[in-house]
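Visitor: I am new to this structure and would like to learn how to read its features one by one. Could you show it to me, and then take me through them?

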Amino acid sequence: MNKLQVFVVLCLVSTMAFAGGYRVSTQSNRQLAMGHTGVAVVNSADILFFNPAGLVHLESRLSVSAGGFGVFSDVSYQNEQFGTFAETDSPAGTPFYLYANYKVTDDFAVGLGVYTPYGSNVTWPTDWEGSHLVNEIELSAIFIQPTLSYQLFDSVSIGGGPILAIGGVEFNRNASRSLTDEQGNRSNVAIEDSGVTGWGWTAGLMFTPTENFKLGFNYRSLIDIESTEGTATFTNFPNSPLTPSNGVQGFEATLPLPAEATVGVSYKWDKFLFAFDYNRAFWSEYEALDIVFEDGSESINPRNYKDASAYRFGVEYNATDKLDIRAGYYFDESPVQSGYFAPETPRNDSNGYTFGLSYNVSSKFSIDASLLYLRFKQINESYDFYSDPGVPVNAPFGGTYKSQALIPGIGVTYNM
């Protein structure tokens, strides 16, 4: 493979990192309705995700919680200088969760959680102005977390467990801004891998100085998803020794799912429960994406992400014996720095407004519902690290991005 072919291949796969913001905060209908707070809130088996130290505080011997969401998002791009405009037509995402907790003794509990904290699903019009960066991308990751929780002292509990992450990716983009085959079809590459696994861990601490006041801390480790058996399919390349051949070749790459630390408090007053969480995601671990191809060539693609914070507020009101009402708000910083804003996951700083309720059908069974409206700040930004094959000059792609998402969810909680 000559240098130009290698360069084309490197450019094609360099966006597999999907930019920032592939974290999806939809791990509980009850807690999403409260701004996705929860590190110091004990009201269901959902605490397994937010803070495993809280499992031992659940009153029921057996607690089960399950639910799902529909993610409906749209993004528009406009460049007034060149008169270009495009909108995404992404299919709905469907994150889900399932938690089960069993209290072995008053001081010891075990649990198992299955949930989807990372994902991205963005579909731009085929061959749009930014198709040399991305046409379509779908990223998913499922976490499986066995958990132990123990009451260490009267007011202190601890918990934690390993995490098995199972991920997959599908990605499609054009080879360059203009390359076509002899019939005029845009040269294209599709990247695919599934069943990729990685291991991490989580640990938590909960301090309960009074019955109504709780303080929690949770840490979730970095998990590297290492793709070693992925395939890159090249189509519509011209029959030329200067371009890659049509067909399939393998590649290896690593995508980090960053570590997170969360500290929070909750306070119960009369029929109200107030909660606040501060979350720090360590995206700076993601400096570059190293790619090794089947032929042994290697590429390092700069990402230069920064650590980012989220500030979350939530409140619950016990309206009746049957009905709990919830609301919340959060501000979520983007980890993407200026000049690195690529349209794979066009995310900027965002404001999230949340609502929801639980209806207690019986003393053991309840239905949980939530609604999140996520509004990203409008931004005029660019991705400055692309250049056409054989042209050693960067060709920034930028414009104004507007994006928002509506995420309704429903779930059930069972206690026995």
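Guide: Let us begin with charged pairs: side chains of opposite charge can pair when their charged atoms come close. In this predicted model, Asp-388 forms a salt bridge with Arg-177, the closest N and O atoms being 2.7 Å apart, where a salt bridge is a side-chain nitrogen of Lys or Arg within 4 Å of a carboxyl oxygen of Asp or Glu. Asp-388 lies in the loop between S20 and S21 and Arg-177 in the loop between strand S7 (156-174) and strand S8 (188-207), so the pair ties together parts that are 211 residues apart in sequence. Helices (H or I, at least four residues) and strands (E, at least two) are DSSP runs, numbered from the N terminus.

Visitor: Before we go on, what should I know about the numbering and about the values?

Guide: Residues are numbered from 1 along each chain as its sequence is written, and side-chain values use heavy atoms, with hydrogens and water left out. Since the model is predicted, local features need pLDDT of at least 70 and side-chain atom pairs count only at pLDDT 80 or more, while totals for chains, interfaces and linings use all residues.

Visitor: How many salt bridges does a search of the whole structure find?

Guide: The search finds four. One of them joins Arg-23 to Glu-260, with 2.5 Å between the closest N and O atoms. Arg-23 lies in the loop between helix H1 (3-13) and H2 and Glu-260 in strand S12 (residues 260-269), so this pair ties together parts that are 237 residues apart in sequence. Both Arg-23 and Glu-260 are buried.

Visitor: How should I read a pair of aromatic rings?

Guide: A pair of aromatic rings is described by the distance of the centres and the angle of the planes. Rings of Phe, Tyr and Trp (its six-membered ring) pair if their centres lie within 6.5 Å; planes under 30 degrees apart count as stacked, over 60 as edge-to-face and the rest as tilted. The whole structure holds 24 aromatic pairs. Among them, Phe-69 and Tyr-97 form a tilted pair, 6.0 Å centre to centre with 45° between the planes. This pair links distant parts of the chain, with Phe-69 in strand S1 (residues 62-69) and Tyr-97 in strand S4 (residues 96-105), 28 residues apart. Phe-69 and Tyr-97 are both buried. By contrast, the rings of Phe-272 and Phe-274 have their centres 5.9 Å apart and their planes at 10°, so that pair is stacked.

Conventions. Buried < 20%, exposed > 50% of the residue type's maximum accessible area, 1.4 Å probe, protein only.
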